[in-house]
Structures are given as C-alpha cells and as structure tokens.
Amino acid sequence: MSVLNGKKILLGISGGIAAYKTASLVRLFIKAGAHVQVVMTPASKDFVTPLTLSTLSKNPVHSTFYNNDEENEKWNNHVELALWADLMIIAPATANTLSKMVNGNCDNLLIATYLSAKCPVYFAPAMDLDMYKHPSTIASFEALQQFGNTIIPAESGELASGLSGEGRMAEPESIISFLEADLESRLPLKGKKILITAGPTYEAIDPVRFIGNHSSGKMGYDIAVSAANLGASVILVSGPTNCTVQSSLIEVIPVVSAEEMYKACHEYYADVDVAIAAAAVADYRPKIMASQKIKKAAEEFTIELEKTKDILASLGAIKKKQFLIGFALETENEIENAKLKIQKKNLDLIVLNSLQDIGAGFGKPTNKVTFIDKFFNIEPMDLKSKEAVADDILNKVIAFFYE
C-alpha cells in the first residue's frame, strides 16, 4: 500500500509544455489511493484540458477565482482548497510561476492557494536548459526551499526547444517515487519495529469444539494499519478473525491457541521496539483435549480447565528496551484493576476498556478507552471509532520516543 493512500493532494499546474504529463500524474495519484483536486493557471489550459483532469481526478478543476457560468455561479475559495490538502504539488513549475511563488505576486488562483497552504509543498520545475541554469531561477529554487518547500529535481533529456539537457520536468512515475520516498523518510515511526497481537484465541475441547470469546480482532488490526501508516514495520500475531490487512509493512503471523500466540510473541519480542497486546487471549484451556468428537450422551458433562500462560506478564518479565502496552477489559473496579495489572505485568501503558461504557467492547466499530501509564497518570478518552483509538495509541508510542 502506497504512503500516498488516503492523502488529499492538491496539484497545481502552470503553463508549460510539460503540463501534458499531468494527466498521467493524476492517474497515478488516484491509482495510489490518493484524493486529488487540481488548480490550473489560465495559461496551462492551452496545454492540457480541464475536462481531462476533471475526469481523471473525479473532481472539478479550478482555474479562476470565480466561475462565470450562470448555471454554476461559484466563488472558488483558495483558502478552503489550501486547508483541504495534505500535500500540494506544483508541476510543472515554470520560471514565471516560481518567481511569483517567491515574491508573492498573487495574480491567479494557483498562487493565492499556494500562499494559503499550511501543508507540505513540493514543486517540479520545467523549463528550457538556459532558463533552468539562469541565476534568477537558481535564486528562486533556493528561496523556495528556505521557505520550507521541497524541490523535485528536473531530469535531463530532450527539451521542447530541441536542445538536450537539464530542465525536463520529472516523469510522473519519478514524481510518485520521489513523494513516496520523501514522505516515508519523514514518518515518525520509520525504522521502528512493533509487535501487535490481535483477535481471540481458540482453546480446543475436541477436534470440532473450542473455548473462545467474541473478539473480532478489529482493534488490533486497526493499530497495525495505523502503525504501518506511520512508517513502522509490524509483526501482527493474529488469532482467528475475519479481519484482513494489505501492507508490505505488516507481516501477519496466524495462530489459533494461546500457546501458539505465546510462542510467536516470544519468537519476535527481542527484536522489537514496541509490543502492543490487543488480543483477547483465553485465560483457561481444557486440561485434556479429546482426540475424537465428544458424543452427546450424558445429561451432564464436565471439562477440567487449566490456566494458559500469561503472555503479557511473560513479556513484561523479560522487557529490556521495549515500550510495552497492554489492554484491560473490565466490568468492575476498572481503574484499580488496571493499575494492578500495570504493576504485576511491568507495563508502560495500559488501554482500559469498560463493558459498562456504551459503544465499547467486542464486535463494535467504536471504542471508549482510558489510558493509564506506569506512573498512574489517568487520561480518559471520548467514544471514538476504533481507527481513531488506534491513532491515539500510536501517538502515545511516538511521544515515548520523541518527547
């Protein structure tokens, strides 16, 4: 999954022959899972049509402050456009547009939007060889980078003038690769390895029956996705679940029983920076598993149970560098029980769920949690989607490493 997936990208197009490449660029953004809006200078419409870009981006294309169409009278708010974007890319960025960006010469919608942008801004220069080498152009490059913008260097090749040399706008594929590499390098958990457990465990009674619970695994999977989106390499040890995930940064280790999950966690634990135990592991298992299906015969049937290994406590006992996070699902004396678990299992943070809270617990798309750290600082959170809770948990991880 591309790091551009889900990103809101504002593409600014200025009037150069390289504008024809933006049709392919928009298509690649959409293919990567991004949401795209396009702002064009009036001159750029001589090189590529708004209809083409609107069709590919699935959004209206903006080029003037005001639409003169009587049936669609609308003020194109440059501030709203700028605030919508996660990223702004100006490609091609002609010498004229670069100079306007540097000096704040705000005579078109593209420059007004650029000056209002609070998101990261990238620019891909495109011009002839001598223009690209001119001191004024070089000064524009330097000034824009001092402003915090990022240049996507031009490539060498045949130019519209017939000359060959530097100044050719980077190819769409090169722009995508540049953005992905640059964004990944800035991710706060880049280089970190995180172990996450998810889902229930099933403890076999016989070949067809088991002891389990109602955990869907969604919370653990959402944490894994959030961690990967932040650049982490994830080992996801998952009990039986219908959840799926697709990311090159997430390795799923499927397990069934608590014993299998215990072994998998200990196999990877020494090499990780963070462990988040979100799985609902069975506390007990049948002492003896029947080798054949148990027949329905006697009026009463008793199963002798024994404790499973406490995975979280075992990880806490051997903890060295790891930031260890546990979950607690309680029905009474929630805070007191969670604090005891922190001490007994040597945790750095616990995520407390209460079944008393509406919208929390198994099988729901939402969760309401309270964070308690090892110093017993208590931070109750509002009811949120599990995706948002996952982001909150990963923000705690980021704070541990960088604050």
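**Entry 1: terms and ground rules**

I call a residue buried under 20% relative accessible area, exposed over 50%, and partly exposed in between (1.4 Å probe, protein chains only). This is a predicted model, where local features need pLDDT of at least 70, side-chain atom pairs count only at pLDDT 80 or more, and totals for chains, interfaces and linings use all residues. Residues are numbered from 1 along each chain as its sequence is written, and side-chain values use heavy atoms, with hydrogens and water left out. My helices (H or I, at least four residues) and strands (E, at least two) are DSSP runs, numbered from the N terminus.

I looked up Asn 346. Its phi is positive, about 60 degrees, although Asn 346 is not a glycine. I found Asn 346 in the loop between α12 (334-345) and β20 (349-354). Asn 346 has a relative accessible area of 35%, so I list it as partly exposed.

Next came Phe 376. This residue is not a glycine either, and its phi is near 65 degrees, a positive value. Phe 376 sits in the loop between β22 (369-373) and β23 (378-380). I noted a relative accessible area of 30%, so Phe 376 is partly exposed.

Which two residues does a cis peptide bond join? I found Ala 91 and Pro 92, with omega about -5 degrees. Pro 92 belongs to strand β6 (residues 87-93).

**Entry 2: an open sheet**

Strands of a sheet pair through backbone hydrogen bonds, either parallel or antiparallel. I count two strands as paired if DSSP finds at least two bridges between them. I traced an open sheet of six strands, in the order β3-β2-β1-β6-β7-β8, with parallel pairing. Its edge strands are β3 (61-62) and β8 (150-151), and each pairs on one side only. I then checked β7 (residues 121-125): two bridges pair it with β8 in the parallel sense. Phe 123 stands opposite Ile 151 in β8.

**Entry 3: strand β19**

How many of the eight residues of β19 (residues 323-330) are buried? I found seven, so by the cut-off the strand is mostly covered. β19 runs parallel to β16 (residues 274-277), and four bridges join them. Ala 277 stands opposite Gly 326 in β19. β19 also runs parallel to β20, with six bridges between them. There, Glu 330 stands opposite Ser 354 in β20.

I also noted that β19, α12 and β20 make a right-handed β-α-β unit. Right-handed means that, with the strands pointing away from the viewer, the path from the first strand over the helix to the second runs clockwise.

In helix α10 (residues 258-268), I marked Ala 258, Met 261, Tyr 262, Ala 264 and Cys 265 as buried. An α-helix has 3.6 residues a turn, so residues three or four places apart point the same way. The buried residues of α10 pack against β11 (193-198), β12 (203-204), β14 (233-238), β15 (250-254) and α11 (311-317).

Is Ser 140 buried or exposed? At 10% relative accessibility, Ser 140 counts as buried. Ser 140 is found in helix α7 (residues 135-146). I looked up its contacts (heavy atoms within 4.5 Å). Leaving aside neighbours within four places in sequence, Ser 140 touches Leu 98, Ser 99 and Val 102.

**Entry 4: salt bridges**

I searched for salt bridges (a side-chain nitrogen of Lys or Arg within 4 Å of a carboxyl oxygen of Asp or Glu). The whole structure has 18.

Lys 309 and Glu 259 meet at 3.2 Å, N to O. The pair links distant parts of the chain: Lys 309 is in the loop between β18 and α11, Glu 259 is in helix α10, and they are 50 residues apart. Lys 309 is partly exposed at 40% relative accessibility.

Glu 306 forms a salt bridge with Arg 285, the closest N and O atoms being 3.1 Å apart. Glu 306 lies in strand β18 and Arg 285 in strand β17, so the pair ties together parts that are 21 residues apart in sequence. Both are partly exposed: Glu 306 at 25%, and Arg 285 at 24%. I noted that Glu 259, Arg 285, Glu 306 and Lys 309 are linked in a network of salt bridges.

Glu 379 and Lys 396 form a salt bridge at 2.3 Å, N to O. Glu 379 is in strand β23 and Lys 396 in helix α13 (residues 386-402), 17 residues apart.
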